[in-house]
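Colleague: Hi! Could you walk me through this one when you have a minute?
Modeller: Happy to, let's have it up on the screen.

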Amino acid sequence: MSQYPINPELQVQGALSDNERLKAESHHLRGTITTDLKDEITGGFTGDNFLLVRFHGMYQQDDRDLRAERAEQKLEPLHNVMLRARMPGGIIKPEQWLAIDKFASEKTLYGSIRLTTRQTFQFHGVFKPNIKPMHQMLHSIGIDSIATAGDVNRNVLCTSNPVESVLHQQAYEWAVKISEHLLPKTRAYAEIWLDEEKVETTETEPVLGDTYLPRKFKTTVVIPPHNDIDVHANDLNFVAIAENGQLVGFNVLVGGGLAMTHGDKGTYPRRAEDFGFIGLEHVLKVAEHVVTVQRDYGDRVNRKNAKTKYTIDRIGVDTFKQEVEKRVGVQFQPSRPYTFTHRGDRFGWVEGIDGKHHLTLFIENGRLLDYPGKPLKTGVSEIAKIHKGDFRMTANQNLIIAGVAAEDKAQIEAIARAHGLIEDTVTEQRKNSMACVSLPTCPLAMAEAERYLPTLVTHVEGILVKHGVADDHIILRVVGCPNGCGRAMLAEAGLVGRGPGKYNLYLGGNTAGTRIPKLYLDNVAEAEILAALDTLIGRWALERHAGECFGDFVIRVGVVAEVKVSKTDFHA
Amino acid sequence: MPFTSLIAPASPLNAQQVQDLQKLVSQLNPIQQAWVSGYLAAAAQLASGGSTASVASAPQQAAVLTILYASQTGNAKGVAAKIKAAAEAQGVAVQLQDIASYKTNALAKEKFLIIVTSTYGEGEPPESAVSFHKFLFGKKAPKLPELQYAVLGLGDTSYEFFCKTAVDFDEQLAALGAKRLFARADLDVDYADAAASWQQGALDVFSPLLKAAGAGSAQVIAWPGSTATAGSHSPYDKQHPATAELSANQKITARNSTKDVRHIEISLADTGLTYQPGDALGVFFDNDPALVDAVLQATGTSGDTEVSLGGQTLTLRDALQRELELTQSYPSFVEKYAAATGNSELQQLVADKTALRAYLAERQTADVILQHPAQLQAQALVDCLRKVQPRLYSIASSQAEVGEEVHLTVGVVRFDAFGQTHLGGASGFLAERLEEGGKLRVFVEHNDNFRLPDHDTPVIMIGPGTGIAPFRAFLQERDNAGATGQNWLFFGNPHFTRDFLYQVELQDYLKRGVLSKLDVAFSRDQAQKVYVQDKLKAKGAEVWSWLQQGAHLYICGDGNRMAKDVHQALLDIAAEHGGLSAEAATDYFEQLRESKRYQKDVY
C-alpha cells in the first residue's frame with residue numbers, strides 16, 4: 001500500500017499479472033530458493049523461484065545449442081545461471097578483478113567475463129553447486145548482485161569520464177548513493193546466499209513497495225557532452241550540470257526505454273522526457289519519488305505496458321511530474337542547457353586533469369576470454385596484478401585501465417599489446433558496433449547477436465571501403481530480441497532478431513543517441529540487409545552534407561521518416 | 001480388439017477357441033464386451049497368483065480429453081490452460097501436458113486430443129515439440145484409428161511459414177488415420193478473441209462425445225499390466241532366438257561424458273516375444289567385419305575357405321563374423337592358439353596363470369591373434385575359437401508401457417589399446433554397427449529372482465550406472481499398474497550434467513509421485529567422492545524404517561565393488577539404526593534374501 005493518496009482513475013484496473021502474485025507471496029524475495037538449492041535432481045529452479053532469483057541478480061539459463069541434443073539424450077537442458085554484478089558506475093579494483101577472473105576460469109561453463117551495457121560484468125554458465133560459493137566470493141571482495149535484474153531499480157550507470165576527474169568523482173558518488181538508496185531493504189540476499197542469520201523483523205520496502213516495481217527500472221548519471229550510457233534507454237537519468245568544473249545539480253530525464261514486443265503496436269521504444277533541473281540536496285528524494293510514482297501508477301495488469309515510459313504516455317508527462325513534485329515537496333526548475341555530442345568511448349591513452357593517465361581498451365562484444373592467439377582475459381588479469389589504479393567498465397562494453405602514473409604507462413601498454421588487447425588495425429566501424437549476448441545462453445534470443453557481430457562488421461567495413469569512406473562509421477548494433485539490452489533502438493542502423501538468421505533493420509538514430517530509429521526492412525536475412533546498407537551507404541558517401549551522420553542523412557533524404565513522438569510515429 | 005490379432009501367430013488360442021470367442025463377442029454390445037474384458041482380466045490375474053485386491057483396485061477409466069501445448073513463449077500454454085478450464089467446467093476430465101514431457105508411446109491409446117502449438121523460426125516446431133514432431137513423422141509413428149483430435153495454431157503472419165507446425169500436426173494426425181473433430185485455426189499475434197471462439201467451437205463438438213464415451217467405458221477394468229502374460233511360454237530361447245529389429249539407438253550421456261551409454265529400443269513386433277520387469281534380454285551379435293579382416297590377414301587365411309563348425313559347413317568369414325568369439329578373451333583360447341601356432345611366448349604365458357589373467361585383462365581375443373600372427377589352416381583357427389555367447393542385458397522397459405518393444409541401457413565398451421580403438425562385441429554391434437531398422441537375434445532370459453512385490457509393498461532400488469535399467473522397467477510397470485507401494489531409487493554416476501541417465505523421465509516420475517524418493521550420488525562433482533552407498537547411509541534411519549515396514553530391496557549394477565559396498569552400507573545401517581550386532585545384521589539380510597525381499601542383479 002502506498003503511503004501517498006492514490007488516484008485510482010490513473011491506475012490500470014484489472015486482474016494483476018501473475019508476476020504480481022509471486023512477488024506478493026515471496027516473503028520479500030525469499031520464496032523457497034533455499035529448498036531448491038538443496039534439490040539435487042535438477043540443475044534449475046522451480047516454480048516462482050525461477051523468477052525470484054532474478055531479484056538477486058541471476059537469470060536461469062541453459063545452453064540452447066545443446067537443448068535439442070540433450071532432450072534426445074533424456075537429459076534436462078543444461079541449466080545454469082548467469083550472474084550480473086551490481087557495480088554502480090562500473091568501477092572495479094584490481095584485487096576484485098583478480099578474484100572474479102579466477103572464479104570465471106574455474107567455476108563457469110564458458111570461462112569468460114562478459115562486460116555488459118549495464119556497465120558491469122556477468123558470469124555465464126554457473127551451475128547450481130557453485131551459486132552460493134559465487135555470492136560468498138563476491139561478498140568477500142565487496143561486490144553483490146542485489147537487484148541487478150527483476151522488477152527493481154537496477155545497476156546505476158555513470159558516464160565513464162576519467163579525464164574530468166573531479167566532476168566524474170562527484171557524479172560517480174551520486175550513482176553509488178542512488179543505487180544504495182533504491183535497493184530493496186529485504187535481508188533475503190544475505191540470508192539465502194551469505195548464510196547470514198535470519199533476523200525476526202517486520203520487513204517493509206518503503207521505497208520499492210512490498211510487491212516491488214511493476215517492471216524493471218533503469219537509472220543513470222550522465223556527464224554531457226558524453227552520452228555513453230544512452231539516457232534514452234533509461235527510466236530515470238540525472239544529467240550532470242557543472243559550474244567551473246564542480247557539480248551543482250542535475251537535469252532530470254524520465255521515461256526512456258527501448259524494449260518492445262514484435263507484433264504488438266502498443267509497445268515501442270521511447271525517449272526520456274526532461275522534467276527540469278534540481279539541486280544536489282534533492283537528488284535522493286527525486287530519485288525515490290520518480291520510483292514511487294511509477295510504483296503506484298505503473299501498469300501491473302499488462303507487463304508489456306508496465307514500464308515508466310508507458311505510465312508517462314498514459315497519465316501524461318505533467319501529471320507524472322506534478323505527482324513527483326508533490327511527493328518530494330519541491331518544484332523542478334527550468335532545465336539548464338547542455339548538449340550531447342557523442343556516445344562512443346575514447347580509445348587509447350588520455351590524460352586526466354589530475355595528471356593521471358587512462359587507457360581505454362576496445363573489447364569486442366565485451367567478452368573477455370582467452371581466444372586462440374588473443375588471450376584477452378589473461379591479459380587483463382596480468383594488468384590487474386601490477387595496476388595501482390582501478391578499472392572502469394563502460395556502458396559500451398569496453399574497459400578502461402584508469403589512474404595510471406606516467407611511469408607505469410609503458411609496462412601496461414606492453415602487456416595489453418602482448419595479449420591482443422590493443423590492435424592498431426581495429427576500424428572505427430568495429431569500435432562503434434555493439435551486440436547483446438543472445439545465443440546460446442539468453443533464453444529470449446530469437447537470432448544470433450554476439451556471435452554474429454564480428455562477421456557483420458567485416459561486411460559493413462567492406463561496404464565502407466567500397467564507397468571510399470573507410471574511415472567513417474555508422475553506429476551499428478545487433479540484438480537477438482526486441483528487449484533492448486544492446487540498445488539497437490538508439491543505433492543509426494539497428495538489427496533486431498526475429499528468427500534464426502532473420503532481423504528487422506531499423507535506421508535513423510543519430511550519433512548523440514537522441515533519436516529513435518524507424519523500421520526499414522521487416523524480417524529479412526543478411527543478404528537483404530547488406531544490399532540495403534550497400535545502397536544507402538553508397539548514397540550517403542556521395543550525397544551527404546559536410547559532417548552529416550548516416551542516421552541524419554537517411555532521414556533528410558526520406559529513406560525513413562523521423563520518429564519524433566514514439567507513441568504515434570514509431571509504428572506509423 | 002480386432003479379430004485378426006486373435007489369430008496372429010502369437011495368439012495362444014487354437015482355431016476352435018477363436019471361432020467360439022468370435023461368436024460370443026458378436027452377440028455382445030459394447031458395455032457387455034467391456035464387462036467381459038474386466039471379468040477375464042480379473043480371472044487371469046487370480047489364476048496367475050495375483051491378489052484380488054489388485055483387481056478390485058484397478059483404476060476405472062473414464063474418457064479423458066488430453067490437451068498438449070507446444071509453447072515457445074508461453075502463449076500456447078496459456079491458451080491450453082484456458083481450454084482445460086472451460087472443458088472441466090463442462091464436466092469433462094482433462095489431462096493437460098507440456099508436449100515436451102508427453103510420452104509418445106501413449107499416443108496410440110489416446111481417444112480425444114487437442115494440440116495447441118506455436119511455430120518457431122522458419123516453420124520449425126518449438127523446441128519443446130521437436131521430439132513429438134519427429135515421432136509423428138518418423139518410422140515409429142503409430143496408426144491412430146481411435147483418435148479424434150483438433151489442432152490450434154498460434155503464430156505470426158509476418159513469418160513465411162506461418163503456423164507451419166500446427167499444419168504439420170493437423171495433417172499428419174489425419175494421415176495416421178485419426179479423425180479431425182474440429183477444423184484447425186491458425187491465429188495471428190492478436191489471438192485472444194479468435195482463440196476463445198475456437199475453444200468454444202471445439203468444445204461444443206468434443207464435450208458430448210467425451211461424455212458419451214466416459215459412460216460407455218466406465219465399467220472397463222484395466223488390463224492388469226504384464227502380469228497377465230506371466231505364465232505364457234515363449235517359443236524362443238537361447239537356442240532359438242527371435243529375429244527382432246533395432247528401432248532406436250540413442251546416446252544418453254552428454255557430450256564430454258567419459259561414458260557412452262546407449263538407450264536401445266528393439267521392436268518385437270510379430271515375434272510374440274514377451275517379458276516381465278526383472279528379465280534380461282539375450283542379444284546375439286556379429287563381430288566387426290574390419291576385425292574379421294584383420295584376423296584373416298594375421299593368420300594368412302581366406303574368408304572364402306569352407307570350414308565346419310558344430311556339424312555345419314560355412315565359410316570362414318561367416319564363422320568369424322557370426323559364430324565365433326573374437327572380443328571377450330579367455331584362457332583356453334590362448335592355450336589352443338599357442339599350441340596351434342607353436343608360439344613359445346604364448347606357451348610360456350599359458351604356464352603362468354596369474355600372468356595370463358593379467359595379460360587377458362588388457363586384451364580382446366583378436367588382440368592375441370593380431371599380436372602373434374601365424375600362418376594357420378582355416379579349420380585350425382576355427383578350432384581354437386569358441387562359439388560366441390549372446391550378451392545379456394537387464395531389460396529397461398515394461399510391456400505395460402512399451403507394448404511390443406524392449407528397451408536396454410547399454411554401456412558401450414570402448415577403449416584404446418595397442419594403437420587401436422577397441423569396442424565391446426555386443427555393445428559395439430548395438431551402438432556402432434547395427435543400423436536402425438537392422439535385424440538382430442534376441443531371446444528373453446527370465447529372472448524370477450528379480451521381481452517386483454505386490455502393488456502395495458514399498459521398494460528400495462539401488463542402481464548406479466547402467467544398473468538403473470531394471471528399475472526403469474519397475475517404474476514403468478508400477479506406473480501403469482497404478483501401484484500404491486512407495487518407490488525409492490538410489491542412482492549414481494560420475495557427473496550430474498553429463499551422466500544422469502534417464503534424468504528427464506525420473507524427474508517426471510518424481511513429479512507425478514510414481515517415484516516417492518530419488519537420491520543421487522555424482523561421484524566426481526566434488527572433491528570428496530560420493531557414491532550410492534554414502535547416500536544410502538546418509539538416509540540410514542529412513543532406509544531402516546522402510547525395511548521395518550516391509551520394503552523390498554533391490555541392487556543392480558557392478559557386482560565387483562558397488563554391490564559389496566552397498567551391502568556393507570546396509571549392514572552398517574542395521575547396526576546403527578536397528579541396534580543389531582554384526583552377526584545379527586548379517587542374519588537379518590540373509591533372511592531378507594531368503595524371503596525374496598533382497599534381490600540382486602549384478603554383473
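**Chat about the model**

Modeller: Let me start with helix 16 (residues 425–433) of chain B, which lies across strand 6 (242–251), strand 7 (261–267), strand 8, strand 11 and strand 12 of chain B. The helix runs at about 115° to strand 12 of chain B. Keep in mind that this is a predicted model.

Colleague: Thanks! In what order do the strands of that open sheet in chain B come?

Modeller: The order is 11-8-15-6-7-12, six strands with antiparallel pairing. Strand 11 (391–394) and strand 12 (405–411) of chain B are the edge strands, and each pairs on one side only. On average, neighbouring strands here are turned by 40° against each other, ignoring direction.

Colleague: And how many bridges join strand 8 to strand 11 of chain B?

Modeller: Four bridges, with strand 8 (residues 280–283) and strand 11 of chain B running antiparallel. To find one of them on screen, pick B:Val283, whose bridge partner in strand 11 of chain B is B:Arg391.

Colleague: Nice. Switching to helices: at what angle do helix 10 and helix 11 of chain B cross?

Modeller: Roughly 145°, and the axes of helix 10 (residues 331–341) and helix 11 (residues 344–351) of chain B come within 8 Å. Their crossing is left-handed.

Colleague: Which residues make the contact there?

Modeller: Helix 10 of chain B brings B:Val334, B:Glu335, B:Tyr337 and B:Ala338, while helix 11 of chain B brings B:Leu346, B:Gln347, B:Leu349 and B:Val350. By class, the residues of this contact are six nonpolar, one polar and one charged.

Colleague: Let's move to chain A. What is the strand order in its open sheet of five?

Modeller: The order in chain A is 1-2-5-4-13, with antiparallel pairing. Strand 1 (58–62) and strand 13 (367–368) of chain A each have a single partner strand, so one side of each has no neighbour in the sheet.

Colleague: Is strand 1 of chain A largely enclosed or open, then?

Modeller: Largely enclosed by the rest of the structure, because four of the five residues of strand 1 of chain A are buried. Five bridges join this strand to strand 2 (residues 79–84) of chain A in the antiparallel sense, and A:Tyr59 has A:Met82 in strand 2 of chain A as its bridge partner.

Colleague: What about the pairing at strand 13 of chain A?

Modeller: Strand 13 of chain A pairs with strand 4 (residues 113–115) of chain A over two bridges, again antiparallel. A:Arg114 has A:Arg367 in strand 13 of chain A as its bridge partner.

Colleague: I was also looking at A:Ala233. Buried or exposed?

Modeller: A:Ala233 counts as buried, because it has 27 C-beta neighbours inside 10 Å; 20 or more is the cut-off. The residue sits in the loop between strand 7 (219–222) and strand 8 (236–243) of chain A.

Colleague: Which residues is A:Ala233 in contact with, leaving aside its neighbours within four places in sequence?

Modeller: A:Gly256, A:Gly257, A:Leu258, A:Gly484, A:Arg487 and A:Leu490. As for A:Gly486, which is 253 residues apart from A:Ala233 along the chain, the two C-alpha atoms are separated by 9.9 Å.

Colleague: Last topic: how many residues are in contact between chain A and chain B?

Modeller: 22 residues of chain A are in contact with 27 residues of chain B. Helix 4 (67–72) and strand 22 (518–524) of chain A each supply at least two residues of chain A's side, and helix 4 of chain A gives the largest share, five residues. By class, that side of chain A has eight nonpolar, six polar and eight charged residues.

Note on methods:
Residues numbered from 1 in each chain as written. Chains lettered and ligands numbered in written order. Predicted model: local features only at pLDDT ≥ 70, side-chain atom pairs only at ≥ 80, totals over all residues. Pairing = 2+ DSSP bridges. Buried ≥ 20, exposed ≤ 12 C-beta atoms within 10 Å, placed from the backbone. Contact = placed C-beta atoms within 7 Å. Axes fitted to C-alpha atoms, helices over the stretch in contact; angles between N-to-C directions. Left-handed = near helix turned anticlockwise from the far one by under 90°. Nonpolar A, V, L, I, M, F, W, Y, C, P; charged D, E, K, R; others polar.
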